[in-house]
2 protein chains.
Amino acid sequence: MRDALVAAAFRLFLERGYEQTTVDDIVALAGVGRRSFFRYFPSKEDVVFPDHERCLADMTDFLASGDGTEEPVGRVCDAARLVLRMYAENPTFSVQRYRLTKKVPGLRAYELSVVWRYERALAEYLRARFAGRRDGTLQADVIAAAVVAAHNNALRSWLRSDGQGDASATVDHALGYVQSAFGTAPPAPLVEQPEDVVVVVSRRGAPLWRVVQEIETTLGRD
Amino acid sequence: MRDALVAAAFRLFLERGYEQTTVDDIVALAGVGRRSFFRYFPSKEDVVFPDHERCLADMTDFLASGDGTEEPVGRVCDAARLVLRMYAENPTFSVQRYRLTKKVPGLRAYELSVVWRYERALAEYLRARFAGRRDGTLQADVIAAAVVAAHNNALRSWLRSDGQGDASATVDHALGYVQSAFGTAPPAPLVEQPEDVVVVVSRRGAPLWRVVQEIETTLGRD
């Protein structure tokens, strides 16, 4: 019945417009009573975003399920990917909703409050992981905001392309930018990966023999 | 008259609560008609945030006033400082509003939409500055979100301390974190600053003579 209500609502929103559709119209088309509607959806706005509550719960569960040793920035990026997956499960519906939301200011406001709740979930996780760290809450808030912005930039770009293309790859690329700015993956140990890159930093004024000595040591050649 | 309306509104909001205060109550206390209220404020919510429109306009003007050579991340940080300044101009009012906004969900939603508009202003500026750059819009959106999150983290911490302490220093510190993650100060030209740092990146497998040649070239020694 829940799915039938969503389907009826979207059919009317697209035919008549969101503002011109009442809850009575929706329940009439779905063939159910008003009570049934409000059992599933607190308001007309909620029927536009029927899966966010479940997705928020999934995100919270996912973040709580770690053993606390995961790299934190990567972990919140993975949590953000749950949102993308929800959108990508049903491209046609997601694209329709995107177009609808752009046109209706009330839905934009609703969406902002949903995005805020995702951002808070990520920030709370990071705050806990960064507890005791100097500037832990600052870093948590900034990284959570950056992850959400990157995710949404990629999501919008996919939605604007009418759900064509590889949504996951687009989001991975966007989240990669955030991870490169804030990521704390430990550097690969030099000895075990002989083909990796060596970086030598030197003051310009240092004598050349000193620089060469430094490189020789780093490269492990005497 | 505008200030009198704001003062009357806040006196009533604090005495009776926001929801329990009507526009009629506010105009009665201020001794003006309803029309005067709506000339200044489209809705009751707007009287809670009387300075954001001016601040948004100031921010847009500030961002448009550059000559396009400013370091972009520093520039949006400076733009965000305009918001802080607005709050810091009147600490008592800002703290009262902070407490009110925390209690009233409708005001939280309004505030989210205001924050979103600030973030878009910063992102639009960065998008223009990063035009033609690969991933320019992605970087613009992420950096704008990070700047807003850092600013708001610092602002909230100052508001929670009842407006005690140095708001500017707190915000500077928070924005410094974003600048350290994303700052794009152009590298100093090699020739003109002989004391700067030289970075040489080399594949570990590269022959030593090739690495030394590279360093000699970089250092400008033949």
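Trainee: Leaving aside its neighbours within four places in sequence, which residues is P50(B) in contact with?
Mentor: This is a predicted model, in which local features need pLDDT of at least 70 and side-chain atom pairs count only at pLDDT 80 or more, while totals for chains, interfaces and linings use all residues. Residues are numbered from 1 along each chain as its sequence is written, chains are lettered from A and ligands numbered from 1 in the order in which they are written, and side-chain values use heavy atoms, with hydrogens and water left out. Contact means heavy atoms within 4.5 Å. On that basis, the partners of P50(B) are R2(B), V6(B), F41(B), F93(B) and R97(B).

Trainee: Is P50(B) buried or exposed?
Mentor: P50(B) belongs to the loop between α4 and α5 of chain B, where helices (H or I, at least four residues) and strands (E, at least two) are DSSP runs numbered from the N terminus. Buried means under 20% relative accessible area, exposed over 50% and partly exposed in between, with a 1.4 Å probe and protein chains only. The relative accessibility of P50(B) is 8%, so this residue counts as buried.

Trainee: What is the C-alpha to C-alpha distance between P50(B) and R2(B)?
Mentor: R2(B) is one of the contacts of P50(B). The two residues are 48 residues apart in sequence. In space, their C-alpha atoms are separated by 8.8 Å.

Trainee: Which residues does R97(B) touch, not counting residues up to four places away in sequence?
Mentor: R97(B) is part of helix α7 of chain B. R97(B) counts as buried because its relative accessibility is 3%. The residues it touches are F10(B), V48(B), F49(B), P50(B) and Y87(B).

Trainee: How are helices α7(B) and α9(B) oriented to each other?
Mentor: Axes are lines fitted to C-alpha atoms, for helices over the stretch in contact, and angles run from 0 to 180 degrees between N-to-C directions. Helix α7 (residues 91-103) of chain B and helix α9 (residues 136-160) of chain B pack with axes 9 Å apart, at an angle of about 100°. Angles under 35 degrees count as roughly parallel, over 145 as roughly antiparallel, 65 to 115 as roughly perpendicular and the rest as oblique. Therefore α7(B) is, relative to α9(B), roughly perpendicular.

Trainee: How are α5(B) and α8(B) oriented to each other?
Mentor: Helix α5 (residues 52-64) of chain B and helix α8 (residues 105-129) of chain B have axes that come within 10 Å. These axes cross at roughly 5°. The helices α5(B) and α8(B) are therefore roughly parallel.

Trainee: How many residues of the contact of α5(B) with α8(B) are nonpolar?
Mentor: Ala, Val, Leu, Ile, Met, Phe, Trp, Tyr, Cys and Pro count as nonpolar, Asp, Glu, Lys and Arg as charged, and the others, Gly among them, as polar. In α5(B) the contact includes L56(B) and M59(B), and in α8(B) it includes V114(B) and L122(B). Besides 1 polar and 2 charged residues, the number of nonpolar ones is 9.

Trainee: Which are the buried residues of helix α2 of chain B?
Mentor: Helix α2 of chain B spans residues 23-30. Its buried residues pack against α1 (2-16), α3 (34-40) and α4 (44-48) of chain B. They are V23(B), I26(B) and V27(B).

Trainee: What percentage of the 222 residues of chain A count as buried?
Mentor: The secondary structure of chain A comprises 11 helices and 1 strand. Among contacts in chain A with a separation of 6 or more, 65% join residues 24 or more positions apart. The buried share of its 222 residues is 45%.
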